[in-house]
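Have a look at the sequence and the coordinates first.

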Amino acid sequence: MNDFEKTKDFIFSFSNESEFQRDLATRLIEYQDFRNGYSQEFTNFVENNNVHSYLEFSDLLRYDYVRITHAQRVETYIKNLSNKFINTLGGAWGEALAKDLGKVCRAHGESMDFVKKLQTKSNYYGPQTANLQFVAVMLRIGDILHFSHDRAPRSLFVEKMIVSKESLKHWGVKFQGINYSLNETDENGRKKIKYMAYCDEPSLYYFIQDYLDWVDVEISNYFDFFNGIKYFSRMSEDADKYHLNISEHVDRSQIRYNESKFTPVNNLKFTLNQTKILELLMGVGLYKDKFLCLRELYQNALDASRCMISIMNEQKIEIRGNIEFGIKEVIENNTKRKYIYCKDNGIGMTKKIIENYFLNIGNSFYKSREFQKLNSTWISNFQPTSQFGIGILSCFMIGDKIEVTTRPLKEIDNEKSISFSIDGPHEHFYFKNPDELDLEEIGPHGTLIKVYLNSEIDINDSKSEEDLQLLIKGSNKDSYKKNYPDLMKVWDTNIFKYIYSFIGIPDKSVDVQVRFNTNENVVLEPWNTLLKYNDRESEKIKLIYSNFSYMSDGYNPIDDYLTVKDDIKIDLLNVSSRDIEYSFLLSLPLPNLNILDWRILNFEECLYRESAILVDGIHISNKGINLEFDHKRDLMRNGIINFVGSDRPNISVDRNNITSLSTSLTEQFEELAKLVAEKIFQSVKLHLNKYGNLLSEKQKLLIWDYVFKKFESLTEVLIEAAVEISIDLPLLDLSPYLEEHLNVPKFVDTKEISFKNIDLRYLNKTEKLIAIGKMLGAKEIIVSSDNVSVTSESLNLIKYEREIIDDSMLPAVVKADEWIGELEEYDLISELWPIVPERLFNRLQGFRVKDIVEGRSKTTDTSSNSLAGLASTDPVLVHPEIGLFSKREDTYWRKSNWVGRFENRKSEFWLFEINDHGRLIREKNEDLFLFTFISPRELSEEELLSLEDFKNDVSYYSGVKNGWSILILGKTGEMVIKPGISTKEELVKLIKPSFWRRNDNIIYKFIDGTLVNDLL
């Protein structure tokens, strides 16, 4: 009530509060509808938690809404004057005048089509008439002409705190001193409309020019009106009274600019060659594969079907989408013509959608404000896959004509069915009468698109006698293709093969099918559907995998897998984040499985591909995803990633490649990794609950071997999940060093742990992370000759980095509080790395050295000549005369015997992590020696045999057997190497005199600060 009381004395106020409230409600609904057209922008702000941008954009929308709708609002307010006009003029004439005046005022914000509908002879009182069109044209000219600095003062600008970019440009131009004059005449004696301004900025100069183009348009509108009156109406005798003696164009001669800042060039800008652009958008130069046009048809059909489902679901109607591809023939001009068709039961198209979007290349209906308004009212709020609005052109890569028949969903529009044809990208478009058979095919709503094929296009719809699943699988393998060349010749040009090659996972609510020449419809299954075959087809399965082998040892599991496949339980598991769905296969042993190799479990057989990147189920390359040593690597390698939410990868125009991922999507990969780990352990836990009593210990260990090898880059996440779920994850490698058997959760919960004679180098990666994780935040660590005692209540897992090639090169150090026993003189012992004495821990510094847990653990460098690289040295690759060497695996084969393979010399160890990259020498003339022990390791039988060949090389033979004492001589990188356990003093005395002569100005110390000279 109070709000109306404040406005009722306003001259344009409503006559009562009810009308006032109804108007406010109408405007609120209209504004919400307007705002819904920007729902995607608001969604992005919310998802990125960008409150400031959300509020700022909301303000700008309100300004825009007020600006865009002010003409309609003015009409309403003027109509409210009707009572006052009635009191003055009497009767209905007052109301008529108010309505006409409202229309005239509204006309200044509408198109000229609105103006032309106004009356040219309107009577109110007496014989005189009013030409409403003329009044409206004059109002439009008067409104646009008055664009000058005196129209709105600077004080108003400050008061209103304008932030709209469009409004700021208007105000900026006014601050440039723009004004106009009507005092001069041109050479024909007509009044000139002359504008003056002086511009400091190019943007304002061009804004003024664009504005004056608008003025020219309104002047042209006036002359169109006048000429219509003079030459084409019954009012020609009265034309002179509507004549304005004005120039046809604005005089811009005094729109000047600051020549010291810029020189404008009018009418020069980028132009597009339409023919060339169309040829580019429909050419193989963009799409690479001409049959990718089928993917574009599918995307449009998918969006239409999902849109239809959303509308029907709003009405509580359950319905499935349906998309069908096929090939048919028709007689055209006495010639057989083959065409590919794509049929859907989607929303169909209205004439407006066809003209504004289908034919308007680059404009996708599903990216329009119109669609956003519609989508914002649905509970489902689906995200369309259509992106650029150029896909239909690609059909001309294979065809020369496109015919479309469409029937709109009645909830969208009550239009009748529409049919039209496009006889080529540069040819004419025309509507035609829909074919009754086509309408019958479509049903109550949907679209049928026919692409008439060029004569050279080779495509078929033949249904092979070969099992379709085997054909799909075998067509990806050279061994199969070579054995069935005739079958492959037909299959390689089959429409099913083309369609299935890009639809990785059909939408859950839409059936996608291909019709063969047998009239059989085959529904597409997801790529990672489990492959089904009977024993009679086993030989073909063997053929398909005859060329498969593991690079490490050449093992091909196919024969073993076929023997035991019935003893393996394979499940398709699914997890999802906000915008990504992920599906993967998990294999677990059943009690009768007798081949205990993790690679047997890893031999999961799916229909087409077990790993892929999809957007809305449509295949796309992973080239744009940065494959660092992170969770994305194994997620992509072992499952199907499907981007389905509002936040999607940026993709290339041909939709073949991802160009970038948002920060949000990258973070969701981290979330997915945790969800995958949880899903795996939940599945394993259920499996153990069901079969645990029947499974042997070795079968249980096989499960973990398989899980941690399949998802290696998720190791840390898997460990965390195992602890959280408290699953019985055994410690196979660590058990021999522990006083009692512990699984992972019990190990983490145990506060005091002793490791007896532990060698951390050769633990499997998982157990090494767990053991070191227990130490990273330990309260106390004591190292003695044969024991490492750890007191710890936490587990801190360190993340491996991409550049770490060797698992032994763990990028961290852990401080031991006590370092005692037979080897206490050594600063670094390879079998105990990353545990180091306090004296070395305190010396570590550099840009990669950062605290993990302050005072207990730090990160380190990971380069091959870092301390981690030194600790990873294999004792069989050390020689006292020629130095230290590293392994370099062959690309296709891994060596199992490195004895005597002195091929890849390690870089010099110049101890940059403890001499501050040489600053200690430069500033203090000091340097440090590092005393290291490279521990011996257990050798394989093959290695022991090879070592016997070096028995005459006594030092090397002894060093491999007993380990190596190495003294690194500071920044020089020189070394003294001696087999077995030694003392610092023994190695110092082996330093060549020439070293001291070359470095006589340097003071050398050990890590503990004692002088080296004291041992000479």
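This is a predicted model: local features need pLDDT of at least 70, side-chain atom pairs count only at pLDDT 80 or more; totals for chains, interfaces and linings use all residues.

## Starting at Phe902

Does Phe902 count as buried, partly exposed or exposed? At 23% relative accessibility, Phe902 is partly exposed; here buried means under 20% relative accessible area, exposed means over 50%, and partly exposed is in between (1.4 Å probe, protein chains only). Those areas come from the Shrake-Rupley method with a 1.4 Å probe, and for residues only the protein chains shown count as cover.

Phe902 sits in the loop between strand 31 (883-886) and strand 32 (904-905). Helices (H or I, at least four residues) and strands (E, at least two) are DSSP runs, numbered from the N terminus. Leaving aside residues up to four places away in sequence, Phe902 touches Val876, Leu877, Val878, His879, Ile882, Phe885 and Tyr956, where a contact means heavy atoms within 4.5 Å. Phe902 and Ser886 are 16 residues apart in sequence, with 8.0 Å between their C-alpha atoms.

## What kind of model this is

Residues are numbered from 1 along each chain as its sequence is written, and side-chain values use heavy atoms, with hydrogens and water left out.

On to the totals. The protein has 37 helices and 36 strands, and 49% of its 1016 residues are buried. Of the contacts with a separation of 6 or more, 66% are between residues 24 or more positions apart. The protein exposes about 50200 Å², and carbon and sulfur atoms supply 48% of that.

Strand 33 (residues 926-934) is mostly covered, with nine of its nine residues buried. Glu926, Leu928, Leu930, Thr932 and Ile934 point one way, Asp927, Phe929, Phe931 and Phe933 point the other way, and all are buried.

Which strands does strand 33 pair with in the parallel sense? One is strand 26 (residues 828-829), over two bridges, with Ile829 having Phe933 as its bridge partner. Another is strand 36 (residues 1003-1006), which runs parallel to strand 33 and is joined to it by four bridges; there, Leu928 stands opposite Lys1005. Strand 34 (residues 964-969) pairs with strand 33 in the antiparallel sense over six bridges, and Thr932 stands opposite Ile966. Pairing here needs at least two DSSP bridges between the strands.

## Helix 35

In helix 35 (residues 954-962), the buried residues are Tyr956, Tyr957, Gly959 and Val960. They are on the same side of helix 35, because they cover an arc of only 165° around the axis; the arc is that of the directions from the helix axis to the C-beta atoms. What do these buried residues pack against? Their partners are strand 30 (878-879), helix 34 (941-948), strand 34 and strand 35 (975-979).

Tyr956 also turns up in the list of residues that Phe902 touches. After helix 35 comes Gly963, which has a positive phi near 90°.

Most residues other than glycine have a negative phi, and most peptide bonds are trans. Asn519 is not a glycine, yet has a positive phi of about 70°. Asn519 is in the loop between strand 12 (510-515) and strand 13 (521-523), and counts as exposed because its relative accessibility is 55%.

Leu911 also has a positive phi, near 55°, and is in the loop between strand 32 and helix 33 (919-924). Leu911 is buried, given its relative accessible area of 4%. As for peptide bonds, the one from Trp833 to Pro834 is cis, with omega near 20°; Pro834 is in the loop between strand 26 and strand 27 (835-837).

## Cysteines

How many disulfides does a search of the whole structure find? The search finds zero, taking a disulfide as a pair of cysteine sulfur atoms within 2.5 Å. Cys293 is in no disulfide, and the nearest cysteine sulfur, that of Cys395, is 4.8 Å away. Cys293 counts as buried because its relative accessibility is 1%. Cys199 is buried as well, with a relative accessible area of 0%.
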